[in-house]
Amino acid sequence: QVQLVESGGGLVQPGGSLRLSCAASGSFLSINNMGWYRQAPGNERELVASSTAGGSTNYADSVKGRFTISRDNVKNEVYLQMNNVKPEDTTVYYCNSRVYVGPYTYRQVWGQGTLVTVSS
C-alpha cells in the first residue's frame, strides 16, 4: 500500500501565499513523477504542476510565474508554493505520484485532497 497525505490548505487572501505539502509513505521502491492537480466542482481534474525525479518541471499556463513545485527525494515529499493567489485558484488540490513497486510495475497514487480557498 502506498499513501499520499496532503497538508497546508486553507483560507488565504487574494495576492497572498500558501504552501501545500504532500508526503508519500508505504511500500514502494522509488517515486517517478510527483505532481499537483486541482478539480473544481463540475470540472475535470487538471494538472497544476508536476516534477520528474530528475527535477524537470511542468506547469499549467494559468499558474506559471506564480506557483512553484519542488520535491525532497529523500523525504519522499512534494511541495507547491502558491504565490499571488487569485480567487479562481479556489478549489481542491490533489497530490499525485507515480511510484515503482516492482517488478516492472508502476502505480498511480492520489492523495485525499486539500481545499484551498482564496477570498477576502
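**Exercise 1.** Which residues is Ser21 in contact with, leaving aside its neighbours within four places in sequence?

*Solution.* Contact here means heavy atoms within 4.5 Å. By that rule, Ser21 touches Val5, Glu6, Ser7, Trp36, Val78 and Tyr79. Strands are DSSP runs of E with at least two residues, helices are runs of H or I with at least four residues, and both are numbered from the N terminus. Finally, check the cover: Ser21 has 19% relative accessibility and counts as buried, because buried means under 20% relative accessible area, exposed means over 50%, and partly exposed is in between (1.4 Å probe, protein chains only).

Some ground rules before going on. This is a predicted model, where local features need pLDDT of at least 70 and side-chain atom pairs count only at pLDDT 80 or more, while totals for chains, interfaces and linings use all residues. Residues are numbered from 1 along each chain as its sequence is written, and side-chain values use heavy atoms, with hydrogens and water left out.

**Exercise 2.** Find how many disulfides the structure holds, and describe what you find.

*Solution.* Look for a pair of cysteine sulfur atoms within 2.5 Å. The structure has 1 disulfide, and it joins Cys22 to Cys95 with an S to S distance of 2.1 Å. Then trace the chain: Cys22 is in strand 3 and Cys95 in strand 9 (residues 91–100), so distant parts of the chain, 73 residues apart, are linked. Both Cys22 and Cys95 are buried.

**Exercise 3.** Work out why the pair of Tyr37 and Trp110 is edge-to-face.

*Solution.* Start with the rule: rings of Phe, Tyr and Trp (its six-membered ring) pair if their centres lie within 6.5 Å; planes under 30 degrees apart are stacked, over 60 edge-to-face, and the rest tilted. A search of the whole structure gives 2 aromatic pairs. For Tyr37 and Trp110, the ring centres are 5.0 Å apart and the planes are at 70°, so this pair is edge-to-face. It links distant parts of the chain, with Tyr37 in strand 4 (residues 30–39) and Trp110 in strand 10 (residues 106–110), 73 residues apart. Tyr37 is partly exposed at a relative accessible area of 23%, and Trp110 is partly exposed at 36%.

Now try Tyr100 and Tyr106: their aromatic pair is tilted, at 5.0 Å centre to centre and 45° between the planes. Tyr100 is partly exposed with a relative accessible area of 22%, and Tyr106 is partly exposed with 42%.

**Exercise 4.** Where does the charged end of Arg45 sit?

*Solution.* A charge sits over a ring if NZ of Lys or CZ of Arg is within 6 Å of the ring centre and within 35 degrees of the ring normal. The charged end of Arg45 sits over the ring of Tyr94, 3.7 Å from its centre. The charged end of Arg45 also sits over the ring of Trp110, 4.5 Å from that ring's centre.

**Exercise 5.** Zoom out and sum up the whole protein.

*Solution.* First count the elements: there are 0 helices and 11 strands. Then take the burial: 38% of the 120 residues are buried. Last, get the extent: the C-alpha trace spans about 50 × 25 × 25 Å along its principal axes.
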